[in-house]
Amino acid sequence: MKKTLTLVVLAGLMLTGCGSKQAAVQATETATAVAAVAEAVTVPVVTGLTLDKAADQLEDLGLKVEAVDTIDGKSIILKKNWQVTSQDPANSASVPKGSTVHLGAASLEKIAAEKAAAEKAAAEKAAAEQAAAEKAAADKAAADQAAAQLAAEQAAAQKAAEAAAAQAAQQAAKPAPAPAPAAPAPSSVYYANCTAARAAGAAPVYAGTPGYGKHLDRDGDGIGCDK
């Protein structure tokens with residue numbers, strides 16, 4: 001294509017009869033520009049590919065490849081054991097053929113270790129969140145149970161108080177019992193002697209009964225007028 005465009009430009013100059021130096025310079029510049037356009041390539045996306053495949057794809061387009069370990073700075077020996085993580089120029093950039101594409105890479109072993117660590121961290125986080133949720137649920141259940149028990153105790157206490165108040169009201173409404181009649185006081189009986197006691201039919205007279213007196217109970221056995 002480069003040769004064809006150059007011939008076209010030169011033929012045009014010959015047909016017009018222009019052989020001046022300026023025309024020759026312009027023709028050279030035009031041919032150079034056309035050649036530059038013809039040699040430009042579009043950089044493809046190679047991130048995510050193994051380094052060997054990415055390098056092959058770029059080199060097939062006439063580009064040079066420079067790769068470095070962007071994590072640990074290790075030397076890259078087996079490209080198939082490395083994965084492209086970044087590229088410069090970025091994908092879809094248009095660059096002249098022969099340009100260098102700088103690739104950042106990480107070892108597959110490192111990537112696998114980081115993935116395992118991330119998965120472990122995610123699992124631990126999920127377990128912690130689950131444990132926290134279960135604890136919160138248990139705490140809420142305990143709080144609800146305590147509240148229900150307190151409410152039941154308060155209700156029972158109120159019911160007991162109401163029952164006591166009702167019983168007190170019933171007791172207050174009952175008429176007061178009439179006072180028991182007073183026991184009649186024992187009549188004042190006195191026997192001057194046993195003759196009088198016998199005449200009254202009271203002999204013998206026992207201690208604690210009306211008419212008893214020590215003057216009637218000379219032997220002090222608690223029975224008067226027994227002899």
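Visitor: Is Cys225 buried or exposed?
Guide: Cys225 is buried, with a relative accessible area of 5%. Buried means under 20% relative accessible area, exposed over 50%, and partly exposed in between, with a 1.4 Å probe and protein chains only. Keep in mind that this is a predicted model: local features need pLDDT of at least 70, side-chain atom pairs count only at pLDDT 80 or more, and totals for chains, interfaces and linings use all residues. Residues are numbered from 1 along each chain as its sequence is written, and side-chain values use heavy atoms, with hydrogens and water left out.

Visitor: What is the phi of Cys225?
Guide: Phi is near 60° there, a positive value in a residue other than glycine. Most residues other than glycine have a negative phi, and most peptide bonds are trans.

Visitor: Which residue does a disulfide join to Cys225?
Guide: Cys194, with S to S at 2.1 Å. A disulfide here is a pair of cysteine sulfur atoms within 2.5 Å. Cys194 lies in helix H5 (residues 194-199) and Cys225 in the segment after strand S7 (223-224), so the bond ties together parts that are 31 residues apart in sequence. Helices (H or I, at least four residues) and strands (E, at least two) are DSSP runs, numbered from the N terminus.

Visitor: How many disulfides does the structure hold?
Guide: One. The link of Cys194 and Cys225 is left-handed, with -95° about the S-S bond. Cys194 is buried too, like Cys225.

Visitor: New topic. How many helices and strands are there?
Guide: Five helices and seven strands.

Visitor: Tell me about strand S5. What does S5 pair with?
Guide: S5 covers residues 100-107, and six of its eight residues are buried. Strand S2 (residues 64-69) pairs with S5 in the parallel sense, over six bridges. Strand S3 (residues 82-88) runs antiparallel to S5, also joined by six bridges. Two strands count as paired if DSSP finds at least two bridges between them.

Visitor: Which residues stand opposite each other?
Guide: Asp69 stands opposite Ala105 in S5. Trp82 has Ser107 of S5 as its bridge partner.

Visitor: Which residues of the largest nonpolar core touch the most other members?
Guide: Val43, Val46, Leu58, Leu63, Val84, Val101 and Leu103, out of 13 residues in that core. Helix H3 (51-60), S3 and S5 each supply at least two residues of this core. Apart from it lies another core, of six residues, among them Tyr191, Cys194, Val205 and Cys225. A nonpolar core is a set of buried Ala, Val, Leu, Ile, Met, Phe, Trp, Tyr and Cys residues joined through side-chain atoms within 4.5 Å.

Visitor: Last one. Where is pLDDT under 50?
Guide: Residues 1-10 are one such stretch; the model gives them six contacts beyond four places in sequence. Contact means heavy atoms within 4.5 Å, and pLDDT is the predictor's confidence in each residue, from 0 to 100. Where pLDDT is low, the predicted coordinates should not be read in detail.
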